[in-house]
Amino acid sequence: MKELQWEKAAGNGLLNRRHLLQLGLTGLGAAGASAAFGQDAGAILQIPEWSRMPGANASAYGERSRYAGDLQRMAGTPDPIYPGGGSSRTPLQFLQGTITPNALHFERHHAGIPDIDPAGHTLVINGLVRQPLAFSYENLLKYPMVSRINFLECSGNSGALLRGGNADGTAQSLHGLLSCAEWTGVPLSTLLDEAGVSPEARWVAAVGADAASMGRSVPIEKALDDVLVALYQNGEPIRPGQGYPVRLFCPGWEGNISVKWLTQLKLMREPAQFRDETSKYTDTMPDRSSLQFTFPMGVKSLITSPSGRMNLPRPGIYQVTGVAWSGHGAIRRVEVSADGGATWAEAEMQAEPGDKALARFTIPWEWSGGPAVLQSRAADSAGNVQPVRDEVLAARGTISFYHNNCIQSWGVDDGGAISNVYV
Amino acid sequence: MSMSRRTAAWGRILALLLCAGWLAPAGSQEARIQLGTPIDEDQLSGFDLIAAPDGSGMPPGAGTARQGRSVYELNCLRCHAVNGEGVSGNTVIAGGDMRSEESPLRTVGSYWPHASTLFDFIRRAMPADAPKTLSDDEVYQVTAYVLFLNGIVGEDESINSETLTAIAMPNGDGFVDHSHLH
């Protein structure tokens, strides 16, 4: 057998992908190759039974293969103190590419999902405008629309990791308040132009039609820039959990400001100072001052496979893969370390990263069977680099938990078990 | 129909539509879609619930903490408990000190920067199991009671749109506007 000469890209087994391609050895699954042929190279291949009979008929609504695994969001236990309040998390560790299927897009609700009949839903624009206007859903559908692929991340995502303690979780349980979709709708600027924004209007207060009438204030500069009055998600009408029939979508900004079930936009001189932009979604610093209106989600990345609570079955080559994103622009570079940040190798991007969208990275890694700490570090087009946890803690302390974009460390023990570790 | 004849037919239809101004380029004056229905602000008095720090959107009405106690006991006690002590972290609405040694307890009294937010939030979202069931007077009354529990107003102080927006909250200068940094 020919001896293989791996080209090392960084310490503890990170490999050069180009070299592997030359050797024809990429494409091994993260949890070990399990293809039928891979099990036994000497097997005589047969035509399988499903090639010998007609399959099922076409269906009205598609389902995943029953062999493809039970992909589910992870929903919290309902709390009678907060009727309808809570969240569900995307199973990041089982997804590939960058688009989150609609049924698996994370949710965060403050008073449940309203059952809205669009025939009875109205979007009002009022306040500092030339002419207050009311829009029916039917009429919103008639406007020219644009589409954008953008991530959405709850600003509380990954928050538990700032405070430390036992955080033995999965990519889903620790970071699953993150998803990415194609959002289609009417540019907010189109509707604001129709109402005629007064020069003294500096903020747009957006309100939802849920039981909490949840509100957030958006600066006029953002509102006139890239904000959508979104009607479609990945090609279909936005689902109730995402704001059917219409939501605000503010690309790159903390999820809560993309107000779901959008029913009012009020042009104001000052922010409305809603509960969810004063008491919540604000960050108290060690000096006890509190940061308000921290909008863009910081540059961040996460290895999704291998990741928390997975097990590496045996030493060998694995594809390390994950996602990176930034509310400040596009991902420029992702580096991966297998030795807890001592040495880094640049990962390959699976496709050209988009603006304020998830980007998928990958790098081959040969696990020796010994301890390892896997990390990823992203840099964006605005020059931001993802910080280590200690940097975030030094700057912000642990009073608040929003806006944590620190590097995630996955520890691999010598048995192959993977868990969150603090480095 | 051959491909070339079909193309020619479509070309004639297109030319007709262009002449009629039905297919002008998107964004031009001719094709501008304006489908919003004009509406007056007074049609929105029961719809626009935004009560802002400058007093805009605050409805007529008034209430005292003494009146608010019974409204609170009927509608708020289950979650916020006696004296606003709460039944879980997020339901504690009184007490706290932003200068405490340990991680501070953040409540209406210790944390919230604007009194208007209390009225705005109670009116739009509380009580959580039956939001928007309180009258405007009841919202003023229970707002006054929560402020009283935090030692911010007296028990018989009348809270209305003017007195409420004049209140300086204890942590009113504790916030840094981060929005200009983006």
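Colleague: In this predicted model, which strand of chain B does E17(A) pair with, and in which sense?

Modeller: E17(A) pairs in the parallel sense with strand E2 of chain B, residues 175-177, and three bridges join the two strands. To place one position, take A:Ser290, whose bridge partner in E2(B) is B:Phe175.

Colleague: What pattern does chain B follow along its sequence?

Modeller: Chain B has six helices and two strands, and read along the sequence its pattern is α-β-α-α-α-α-α-β. Of its 182 residues, 35% count as buried. Among the contacts in chain B between residues at least 6 apart in sequence, 60% join residues at least 24 apart.

Colleague: Is H5(B) mostly covered or mostly uncovered?

Modeller: The general idea is that an α-helix has 3.6 residues a turn, so residues three or four places apart point the same way. In H5(B), twelve of the 14 residues are buried, and the helix is mostly covered; the buried residues include B:Glu138, B:Gln141 and B:Thr143 as well as B:Val142 and B:Leu149. These buried residues of H5(B) pack against helix H2 (65-75), helix H4 (115-125) and helix H6 (161-166) of chain B. As for its length, at 1.5 Å a residue the 14 residues of H5(B) should span 20 Å, which agrees with the 20 Å between its end C-alpha atoms. Just after H5(B), B:Gly151 takes a positive phi of about 70°.

Colleague: Which residues of the largest nonpolar core touch the most other members?

Modeller: Among the 134 residues of that core, those that touch the most other members are A:Leu14, A:Ala206, A:Val229 and B:Val142. Helix H5 of chain B, residues 136-149, supplies the largest share of this core, with nine residues. Leaving aside neighbours within four places in sequence, A:Leu14 is in contact with A:Ala9, A:Val336, A:Ala338, A:Ala345, A:Ile363 and A:Trp365.

Colleague: What is the bridge partner of A:Val336 in E21(A)?

Modeller: The partner of A:Val336 is A:Ala345, and both residues are among the contacts of A:Leu14. Strand E20 of chain A, residues 331-337, runs antiparallel to E21(A), and two bridges join them. These strands belong to an open sheet of five strands in chain A, which has the order E21-E20-E24-E25-E26 with antiparallel pairing. Strand E21 (345-346) and strand E26 (418-420) of chain A stand at the edges with a single partner strand each, so one side of each is left without a neighbour in the sheet.

Colleague: Where in chain B is the pLDDT below 50?

Modeller: The mean pLDDT of chain B is 88, and 82% of its residues reach 70 or more. Over residues 14-28 of chain B, however, the pLDDT is below 50, and beyond near neighbours in sequence this stretch has nine contacts in the model. Where pLDDT is low, the predicted coordinates should not be read in detail.

Methods:
Residues are numbered from 1 along each chain as its sequence is written. Chains are lettered from A and ligands numbered from 1 in the order in which they are written. This is a predicted model: local features need pLDDT of at least 70, side-chain atom pairs count only at pLDDT 80 or more; totals for chains, interfaces and linings use all residues. Two strands pair if DSSP finds at least two bridges between them. Helices (H or I, at least four residues) and strands (E, at least two) are DSSP runs, numbered from the N terminus. A residue is buried if 20 or more other C-beta atoms lie within 10 Å of its own, exposed if 12 or fewer, and partly exposed in between; C-beta atoms are placed from the backbone. Two residues are in contact if their C-beta atoms, placed from the backbone, lie within 7 Å. A nonpolar core is a set of buried Ala, Val, Leu, Ile, Met, Phe, Trp, Tyr and Cys residues joined through C-beta atoms within 7 Å. The expected span of a helix is 1.5 Å times one less than its number of residues. pLDDT is the predictor's confidence in each residue, from 0 to 100.
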